[in-house]
Each structure stands twice: as structure tokens, then as C-alpha cells.
Amino acid sequence: MERTEQVPVWQLSEEELTTELLVVERMLCRGYARMLEVVGEVDRRGVAVGKGFRSTAVMLVRALRVSHKEARARVTQATTALPVMRAALAAGDLNREHAAEIASVLTHAPDTVTFDDLADTETTLVTLARQAPPFTVRKTAQRIRTYWDFDGVDPGKREHDLARPRREFRCTRTRDGRMRYSGELDAEMADLTEQLFTVLAKPAPVDPFGNPDPRTRSQRQGDAIAAILDLAARAPEVPVKAGERVVATVTIPLADLQRRAGTVTPDGHTPMTVSQLRRLCCDAKVLPAVLNGAGEVLDLGRAVRTATPAQRRALAVRDKGCTAPWCTKGPKWTTPHHIEFWANLQGGPGGRTDITNLASICEADHRIAHHEGWTIRLRNGTVEWLPPAWLDPQRRPLHNTTHHPPHAQAA
């Protein structure tokens with residue numbers, strides 16, 4: 001329910017504060033929808049020209065003190081036929097950044113795209129925008145552009161490009177032995193490189209003194225290339241796609257095990273909580289090592305196998321990548337997550353390693369699933385994420401739509 005009076009934020013409880021955060025955001029979205037209505041009518045009537053301006057965008061720059069880029073974007077969003085997007089914006093279901101991404105892809109569609117395809121794409125992106133950030137909408141829009149471009153290419157040229165992809169690498173050595181290089185990759189290798197950078201070139205965690213990773217983006221990507229080359233030089237063969245993760249030996253003092261304490265120690269590293277252990281156990285062999293008070297091993301359990309390569313392939317087909325509603329990562333960067341937790345310290349292994357009890361999740365969203373109050377379930381063959389009650393009191397299920405091509409192409 002929206003507030004009818006302004007209450008000082010310092011008087012709000014945490015629950016009221018989070019509610020107010022969502023309410024105010026919806027108000028901003030609706031306000032922007034109204035702005036687009038006004039801009040559209042101003043442009044339709046030619047008000048700007050009547051007042052001596054060259055265009056509606058120029059009038060917005062002068063009247064609203066916005067940049068030329070922002071003014072042009074508003075005019076585009078207001079004058080392009082985007083009924084589904086504007087209706088969702090007016091309802092407060094998506095924000096101005098979502099609107100900008102959706103308008104950008106639809107206004108630059110090739111001439112070969114039909115009106116029905118554009119309508120389907122708009123509906124697809126609006127549905128995604130209701131549950132994902134603008135970045136995810138942009139990534140999905142890029143994939144849609146790829147589908148459109150691929151569909152519009154002459155089949156003969158397409159086959160030639162696939163048979164002889166354009167890949168170039170140019171390098172020179174400097175006097176001190178370093179190498180400078182530049183080059184070009186085809187679309188497939190560009191996607192692969194980008195995926196590798198997502199994992200290998202991300203900033204390192206802060207050091208013990210709280211200092212962030214000092215490397216620039218280009219430096220991190222350079223280190224990623226070095227890591228790839230080093231792996232290629234050392235690997236006897238290419239690692240299998242569905243390989244298993246490392247074995248984890250979980251060390252639990254006997255006294256803690258007897259009172260079912262919530263702290264364990266994996267492989268002699270720093271202690272972790274039960275929720276952390278459950279996340280790690282989703283895709284690892286676990287050897288529970290029970291110690292007595294003197295630190296002597298009383299029992300070393302047998303390893304419990306996780307998802308098989310066949311199950312991983314089946315998950316890749318069913319889920320097509322990370323199942324988090326906002327995620328664009330493909331199957332290669334995901335691990336099987338037990339919907340019903342495999343690790344149950346209160347009574348031994350819990351959820352079965354069955355395809356109906358597994359969901360594909362990337363490393364980052366795996367943490368969210370375990371530590372931020374989300375619930376995951378499988379319904380009618382689709383993995384659904386239920387948000388925590390503070391984010392959505394009704395806990396309406398969400399599912400990932402970023403891995404699917406536009407409706408027309410899928411049909």
C-alpha cells in the first residue's frame with residue numbers, strides 16, 4: 001500500500017523502510033511513464049517547433065536541463081510504438097533503465113524483422129525486466145540482435161563464414177622481451193573469451209587490510225589470458241565439461257557433532273557455517289571426518305557421489321544455464337544445486353541426487369540461494385525461485401527467461 005503522508009525515514013522500522021524503498025521506486029517508475037506520455041504529446045503536436053526549437057529533443061535540453069543523449073532517448077521511447085513497455089512502466093513494474101534497453105533494441109531492429117517478431121520481443125523483454133536488472137535485459141537484447149543478424153544473412157555467406165571464421169592475432173616483441181598484440185575473433189570465440197573473462201578477470205576480493213583489487217580491467221583481462229595460456233601449456237588434455245569438483249573433507253570435533261553445533265571446518269581451513277557447508281556440498285564429494293577431544297580421527301566416512309555427467313548434460317538441456325531469474329550464464333559456468341539440501345547435519349544426507357531434485361546455478365547465485373532467503377522449487381519441469389518475504393510478501397515465483405530465443409525463432 002502506498003503512503004499518503006510523508007514520514008521521516010528515521011522513524012521507520014526496518015520492515016517499513018524496505019517497504020518504503022519499493023513504494024518510492026514504483027512511484028519513480030510511474031512518474032517516468034507520465035513523463036514519456038507528456039513528451040510524446042509535445043512531439044505529436046509540434047510544440048517545440050512552435051516555440052522556436054529545432055526539435056523536441058532540443059526543447060527538452062533547454063527546458064529540463066538534461067543532456068542531449070538523455071533528451072533523444074526520451075523522445076525515442078515516447079514516440080516509438082512500445083505499448084507493452086509503457087504499460088509496465090506506468091504500473092511501476094520496470095524502471096527507466098529497463099525502458100531504455102528495451103527501446104534501444106526494438107528501434108534498431110533490422111528491416112527483415114516482422115511486426116509480429118517485434119511484438120513478441122517486446123513482450124519477452126518486458127517479462128524479463130519485471131524480475132531482472134537492466135544489465136540482464138541488455139545481455140538478452142544482444143542475443144536477440146544476434147538471432148536477427150543471423151537470420152538476415154545469406155545462407156551461402158553464413159556457411160562460408162562458419163567454415164573459415166575470421167580469427168587474427170598480430171604480435172610484436174619489445175626490446176625488453178614483452179609482447180604487444182592485437183587481433184580479431186569470430187562470434188563463437190568472442191563469446192567463449194567473454195565467458196572466460198567473466199570468471200578469470202573479475203576483481204579479486206579485498207585483502208586483509210580492506211584494500212580492493214588495484215588492477216584495472218585491462219590488467220585483469222591480461223592476467224586472465226596469462227592464466228589460460230598457462231593452463232593450456234600444462235594440461236595433458238582439455239578438461240571435460242561435466243567434470244567433478246574437488247573432494248572436500250569436512251572436519252567436525254566429536255563434541256560439536258554430539259551437540260549438533262552449527263560450525264564445521266573443511267580441509268583444515270577457516271570454520272564455516274552450516275549454510276556455507278550446504279552450499280559447498282551441492283557439487284562436491286564429502287568425507288565427514290569425526291575427531292575426538294584429542295584430535296584423533298574416530299571415523300572417516302565414504303565419499304557420496306554427486307550429479308553424474310549424464311545428469312549434468314540433462315540439466316544443461318533442461319535449464320539451459322543458471323536458473324536464477326536475473327542470470328545470463330550458460331551451462332558451462334553452473335553447478336548442480338540440490339533443491340532439497342543434500343547435506344543435512346541433523347540426520348545425514350537429505351535430498352537425493354536426482355534430476356528432479358537438481359537445479360543449475362552459477363557460483364555467485366548459488367551464494368544468494370543459500371544465504372539470502374530465496375526458495376527454489378521445480379514445477380512442471382521449470383525451476384522457480386521464490387523471493388524472500390521482505391522483497392515480495394506474496395513470494396510470487398520467478399523463472400529465468402534469458403536463455404530462450406525470441407518466440408518466433410523458437411517456434
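## A walk through the predicted model

Start by selecting arginine 96, which is partly exposed because its relative accessibility is 38%, between the 20% and 50% limits. Keep in mind as you go that this model is predicted.

Stop 1: Glutamate 70 is partly exposed, at a relative accessible area of 23%.

**Stop 2: further along H6.** Stay on helix H6, which covers residues 96-107, and pick glutamate 101. Is glutamate 101 buried or exposed? Its relative accessible area is 17%, so glutamate 101 is buried. Show its surroundings and you will find contacts with Pro134, Val137 and Arg138, once residues up to four places away in sequence are set aside. Now display leucine 125 as well: the C-alpha atoms of glutamate 101 and leucine 125 are 9.0 Å apart, while 24 residues separate the two along the chain.

**Stop 3: the nonpolar core.** In soluble globular proteins, nonpolar side chains tend to be buried together. Here, the largest nonpolar core holds 47 residues. Which residues have the most contacts inside it? Select Leu89, Ile102, Trp326 and Trp385 to see them. Then zoom in on leucine 89. Apart from neighbours within four places in sequence, leucine 89 has contacts that include Cys29, Tyr32, Ala33 and Leu36. Arginine 96, where the tour began, is also one of the residues that leucine 89 touches.

Stop 4: Glutamate 41 is partly exposed at 28% relative accessibility, whereas arginine 45 is exposed at 60%.

**Stop 5: around histidine 403.** Move to the loop between S11 and H16, where you will find histidine 403. This residue counts as buried, with 12% relative accessibility. What does its side chain reach? Look for the backbone oxygen of cysteine 322, which lies 2.9 Å from a polar atom of the histidine 403 side chain. The backbone oxygen of lysine 320 is reached too, at 3.5 Å. Beyond neighbours up to four places away in sequence, the residues touching histidine 403 include Arg143, Asp319, Gly321 and Thr328.

One of those contacts leads onward: select aspartate 319, which forms a salt bridge with arginine 318, the closest N and O atoms being 2.8 Å apart. Aspartate 319 is buried at 8% relative accessibility, while arginine 318 is partly exposed at 23%.

Stop 6: Finish with leucine 391, in the loop between strand S11 (382-386) and helix H16 (407-410). Leucine 391 is partly exposed, at a relative accessible area of 32%.

Conventions
Residues are numbered from 1 along each chain as its sequence is written. This is a predicted model: local features need pLDDT of at least 70, side-chain atom pairs count only at pLDDT 80 or more; totals for chains, interfaces and linings use all residues. Side-chain values use heavy atoms; hydrogens and water are left out. Helices (H or I, at least four residues) and strands (E, at least two) are DSSP runs, numbered from the N terminus. Buried means under 20% relative accessible area, exposed over 50%, partly exposed in between (1.4 Å probe, protein chains only). Contact means heavy atoms within 4.5 Å. A polar contact is a pair of N or O atoms within 3.5 Å; within protein, one must be able to donate a hydrogen and the other to accept it, and residues adjacent in sequence count only if both atoms are side-chain atoms. A nonpolar core is a set of buried Ala, Val, Leu, Ile, Met, Phe, Trp, Tyr and Cys residues joined through side-chain atoms within 4.5 Å. A salt bridge is a side-chain nitrogen of Lys or Arg within 4 Å of a carboxyl oxygen of Asp or Glu.
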